[in-house]
Amino acid sequence: MHRAAQIALVLATTARALERRPKITVVGSANLDTTLAVGARLPRKGETVLTNGDPSTACGGKGANQAVACARLGADATFVGNVGDDAAGAALVEALELAGGDAARG
């Protein structure tokens, strides 16, 4: 098969898959990661280190990341997980909603 024909086959297969829009449900974790910068080198055994500024936070978790990736690829993705009733939980729900998810609580 010629390269152009292979590409056409892949594009046609992808188009058919997107027309069907698969439904995917992911059950897993959603986490709010906190990262602290501690310098250019790793601390020595027993050494106390100070951070180099404010912590950074990012939404993640294996299940939440997988659901967002599926939605970005065109699937009708649903994430089922548990978050706290606090600022971290609200940040996770907002991130899932911004990614196109229905973050209903119940």
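**Exercise 1. The second largest pocket**

Work out what volume the second largest pocket has, and which parts of the chain line it.

*Solution.* Start with the space itself: the second largest pocket comes to about 160 Å³. Keep in mind that we're working on a predicted model here.

At least two lining residues come from each of E3, helix H2 (62-72) and H3. H2 is the top contributor, with five residues.

**Exercise 2. The end of H3**

Find out which helix holds Leu98, and decide whether Leu98 is buried or exposed.

*Solution.* Leu98 sits in helix H3, which covers residues 87-98. Its relative accessible area is 70%. The cut-off for exposed is over 50%, so Leu98 counts as exposed.

One more distance is handy. Leu98 and Val68 are 30 residues apart along the chain, and their C-alpha atoms lie 9.8 Å from each other.

**Exercise 3. Salt bridges**

Count the salt bridges, then say which residues pair up and how accessible each partner is.

*Solution.* The count is two.

Take Asp76 and Lys23 to begin with: their closest N and O atoms are 3.2 Å apart. This pair ties together distant parts of the chain, with Asp76 in strand E4 (residues 76-80) and Lys23 in strand E1 (residues 23-27), 53 residues apart. As for accessibility, Asp76 is partly exposed because its relative value is 28%, while Lys23 reaches 70% and is therefore exposed.

Then there's Arg41 with Glu47, where the closest N and O atoms are 2.9 Å apart. Arg41 has a relative accessible area of 43%, so it's partly exposed. Glu47, at 30%, also falls in the partly exposed class.

**Exercise 4. A nonpolar surface patch**

Identify the residues in the nonpolar patch formed with Val49, and place Val49 in the chain.

To place Val49, look at the loop running between strand E2 (31-35) and strand E3 (56-60).

Last step: check the accessibility. Val49 has 33% relative accessibility, so it's classed as partly exposed. Patch members need over 30%, and Val49 clears that with its 33%.

Note on methods
Residues numbered from 1 in each chain as written. Predicted model: local features only at pLDDT ≥ 70, side-chain atom pairs only at ≥ 80, totals over all residues. Heavy atoms only, no water. Helix = DSSP H or I, 4+ residues; strand = E, 2+ residues; numbered from the N terminus. Buried < 20%, exposed > 50% of the residue type's maximum accessible area, 1.4 Å probe, protein only. 1 Å grid on protein atoms, 1.4 Å probe; cavity = no way out; pocket = protein on both sides within 12 Å on 5 of 7 lines; lining within 4 Å. Points joined across faces, edges and corners; volume = space filled by probe spheres on them. Salt bridge = Lys/Arg side-chain N within 4 Å of Asp/Glu carboxyl O.
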